[in-house]
Amino acid sequence: VGPCETTVEGDYDQLMEIVPMCNAENRDRILDLIMEGDMSKLDISEILPFLNKAQINRLLEGYLESADREEAAERIEDFMPFINHEGKDRIVDYLIEGDLDDVNIEDYLPFLNSPQKDRIVSWITQQKDPVNIEEVLPFLNRTQKRALLTWAVEHMDLEDLTECAPFMEEEMISEYVKRYV
């Protein structure tokens, strides 16, 4: 029995250390053990570079299904550099199913493509309560910024909206001034 053929559930840290030396079959066994246990105790960012796409997607699904939302939002951020388009779509689905207060959406945006960002902008603009969007705006294209800022001018108070002014085009600033003067 080699070092990658362990079936001991005890020390996850030791299992994490041998993942880079394991073949795909043994990484699958280790993932089984991880997913059977308390996944919240693990720093999975250390093993993600050594997993194949199927294993990463399986682990991601495990987190999305088992962890509480706030904890999962923190953990799934680690997956962003390693997952494919479908995995990112799944994360966007997960994010927009909940409340904006549960996530730091700006942490995900650098990894998303334009259609995924469109979905995030649409989700934000459907919120009843104004949110801080100044951290989101730098990651958006012109059309997405315009949509988000148009919503902001209509829904945000002066203090919060002032934070967004550096991202506004001249005509939008004129609308902003008209609203408050």
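Hi everyone, let's start with a pair of helices: helix 3 (residues 53–66) packs against helix 4 at an angle of about 160°, and their axes are 8 Å apart. Axes here are lines fitted to C-alpha atoms, for helices over the stretch in contact, with angles running from 0 to 180 degrees between N-to-C directions. The helices themselves are DSSP runs (H or I, at least four residues), numbered from the N terminus.

Before going on, a word on the model: it is predicted, so local features need pLDDT of at least 70 and side-chain atom pairs count only at pLDDT 80 or more, while totals for chains, interfaces and linings use all residues. Residues are numbered from 1 along each chain as its sequence is written, and side-chain values use heavy atoms, with hydrogens and water left out.

Back to our pair. Helix 3 and helix 4 are therefore roughly antiparallel (that word is for angles over 145 degrees, and roughly parallel is for those under 35). Which residues of helix 3 and helix 4 meet? Leu60, Tyr63 and Leu64 from helix 3 touch Ala72, Arg75 and Ile76 from helix 4, where contact means heavy atoms within 4.5 Å. By class, that contact has 5 nonpolar, no polar and 1 charged residues (Ala, Val, Leu, Ile, Met, Phe, Trp, Tyr, Cys and Pro count as nonpolar, Asp, Glu, Lys and Arg as charged, and the others, Gly among them, as polar).

Next, follow helix 4 (residues 69–76) to helix 5 (residues 85–96): their axes come within 11 Å and cross at roughly 150°. This pair is therefore roughly antiparallel too. On the helix 4 side, Arg69, Ala72 and Ile76 meet Ile91, Tyr94 and Leu95 of helix 5. Those residues divide into 5 nonpolar, no polar and 1 charged.

How do helix 5 and helix 6 run, parallel or antiparallel? The axes of helix 5 and helix 6 (residues 114–125) come within 10 Å and cross at roughly 0°, so these two are roughly parallel. Helix 5 brings residues including His85, Lys88 and Asp89, and helix 6 brings Gln116, Arg119, Ile120 and Trp123. This contact divides into 5 nonpolar, 2 polar and 4 charged residues.

Conventions: Angles under 35 degrees count as roughly parallel, over 145 as roughly antiparallel, 65 to 115 as roughly perpendicular and the rest as oblique.
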